[in-house]
Amino acid sequence: MDARDLVLDGNAAAGLLQEVFSADVTAAEGTCGGCGATDLVGALVAYTQAPGLVIRCRQCEAVLIRIVTDGRRHWVDLSGLRTLQLGG
Amino acid sequence: MKRVLTWAVATVADLRAETAHVKTVVLDVPDWQGHRAGQHLDLRLTAEDGYQAQRSYSIASAADGRQVELTVERIEDGEVSPYLTEVVRSGDQLEVRGPVGGYFVWDGTSERPVLLVAGGSGVVPLMAMARQRAGERSSVPTRLIYSARSWDDVIYRDELERLGGQCDGLDVVYTLTRTQPAGWTGHTRRIDASLLSDVAWQPEDQPLTFVCGPTPFVEIVAAALVELGHDPASIKTERFGPTGG
C-alpha cells in the first residue's frame, strides 16, 4: 500500500465533523491560515487513519483542522484555519 | 438535515448480492428524514468486549426512499465489510447515524449536464444520483463512465443497462480494464485524458462532475479533466482508501 492511498477528502469525515460542530462543515468554506487558499471543507485533504482526524490544505498541505476524540470528549485544534464560513 | 447527530438502531430488511464480492444491505432506519444523493451513512459495530469499529458508507438508494441501501464491497482483511457481506442476516440490527455530508451531492436542481466517473465500487454514490435522476424523470444530460475490472465486477449491471437504455439522456460507458467478455467492443484501458476527451462532456458544456473511486483513480481522473480544460471548481471528488473495509 502506498501512503498516498490513505489520502481522502474532508467529506470522508462528515460524520465526525457534524458530531463536533452540529452543522454540516463539509459544505463550509475554509481559508488556509498559511497560504490563504479557500476551499470547501469536503474537498480538503483528509487523513482519517491517524490517531485523530487531520485535515490539510489542498494547495500548501498546511494542517487546518485536527480532532482527537476519546469517545466522550473531543479535542479540536483549528489554529491552521484563518476563517470558516458556515451556512447558506 | 438533522443538526445533532445521534446513533439509531436500524434493522436489516433485505440483502442483495450485486457481484461475487459486493452486497447491498437494505436498512429500515427509524424516523429516517430522507437524504440527498451522494450523502453517507455512518455505521458502527460493537463487539461483546466493547471494541467499536466505525465506517462511513455512501448511500446507494435514491433520495426519496424510506429505506436506506448501502452497497458494500468485501475487503478481505477488513473489520466491517466481511461482517456486512457475509454474516449479517435480515432482521439483524445495526447502529447507524446520518445522513452526513453536503459536499459530494447532486440535488437535480441544475440543468447543467452531469458527468459521473466511477472506479470500481466508487459507482455507489453515483448510482444514488442516477436513481434520483430516473425517479424524478429528469432529462438532464448525464454520462456515467464506469471503470471496472471485468463485466462480472460491474455493480448494478442490469439496472444500469435498463437506465441507460431508456433514451432519456443517460449514457453509460464502461471500460473493462482487466478481462473482457468475448466479442467486447467497448473500452478496455484505464480512464485517462484521451479516453475522457473521447467520451466525456467537453469543457464548454460546463458539466457538473462527480468522480468517485480509490484515491489513485480519483487523482488521475481529476488531473486529466483539469488538463482537458474543465473548471476545477465544477469537479467534485470522493476518494476511498484501502483500509476502509
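Two residues are said to be in contact if their C-beta atoms, placed from the backbone, lie within 7 Å. By that criterion, and leaving aside residues up to four places away in sequence, Leu126(B) touches Leu116(B), Ala118(B), Leu144(B), Phe210(B) and Cys212(B). The model in which these contacts occur is a predicted one.

**Confidence and the form of chain B**

The model scores ipTM 0.89 and pTM 0.94. For chain B the mean pLDDT is 94, with 97% of the residues at 70 or more.

Chain B contains five helices and eleven strands. Its radius of gyration is 18 Å, close to the 18 Å that the globule rule gives for 245 residues, so chain B is as compact as a globular protein of that length. The C-alpha trace of chain B spans about 55 × 40 × 30 Å along its principal axes. Of the 245 residues in this chain, 43% count as buried. Among contacts in chain B between residues at least 6 apart in sequence, 72% join residues at least 24 apart.

**The nonpolar core**

The largest nonpolar core has 83 residues, of which Leu70(B), Leu116(B), Leu126(B) and Tyr146(B) touch the most other members. Helix H2 (residues 123–135) of chain B gives the most to this core, with seven residues.

Trp184(B) is found in the loop between strand S9 (170–176) and helix H4 (193–199) of chain B. Is Trp184(B) buried or partly exposed? A residue needs 20 or more other C-beta atoms within 10 Å to count as buried. Trp184(B) has 13 such atoms within 10 Å, and it is therefore partly exposed. The C-alpha atoms of Trp184(B) and Val221(B) are separated by 24 Å, the two residues being 37 apart along the chain.

**The contact between the chains**

Chain A contributes 22 residues to the contact and chain B contributes 23 residues. On the side of chain A that touches chain B, the elements giving two or more residues are strand S1 (8–9) and helix H1 (14–21) of chain A. H1(A) gives the most to that side, with four residues. The residues of this side of chain A divide into ten nonpolar, seven polar and five charged.

Within H1(A), the residues Ala14(A), Gly15(A), Leu16(A), Leu17(A) and Gln18(A) are buried. What covers the buried residues of H1(A) comes from both chains: it includes strand S5 (53–56) and strand S6 (63–69) of chain A, together with strand S3 (40–46), strand S4 (52–58) and strand S6 (93–100) of chain B. After H1(A) comes Ser22(A), which has a positive phi near 50°.

**Paired strands in chain A**

Two of the strand pairings in chain A involve S6(A). S5(A) and S6(A) pair in the antiparallel sense over four bridges, and S6(A) pairs in the antiparallel sense with strand S7 (residues 74–77) of chain A, over four bridges. Ile67(A) in S6(A) stands opposite Leu53(A), while its bridge partner in S7(A) is Val76(A).

| Hairpin | Residues between the strands | Residue with positive phi |
|---|---|---|
| S5(A) and S6(A) | six residues | Glu61(A), near 65° |
| S6(A) and S7(A) | four residues | Gly71(A), about 100° |

Terms used. Residues are numbered from 1 along each chain as its sequence is written. Chains are lettered from A and ligands numbered from 1 in the order in which they are written. This is a predicted model: local features need pLDDT of at least 70, side-chain atom pairs count only at pLDDT 80 or more; totals for chains, interfaces and linings use all residues. Ala, Val, Leu, Ile, Met, Phe, Trp, Tyr, Cys and Pro count as nonpolar, Asp, Glu, Lys and Arg as charged, and the others, Gly among them, as polar. pLDDT is the predictor's confidence in each residue, from 0 to 100. The radius of gyration is taken over C-alpha atoms; the globule rule is 2.2 Å times the number of residues to the power 0.38. A residue is buried if 20 or more other C-beta atoms lie within 10 Å of its own, exposed if 12 or fewer, and partly exposed in between; C-beta atoms are placed from the backbone. A nonpolar core is a set of buried Ala, Val, Leu, Ile, Met, Phe, Trp, Tyr and Cys residues joined through C-beta atoms within 7 Å. Two strands pair if DSSP finds at least two bridges between them.
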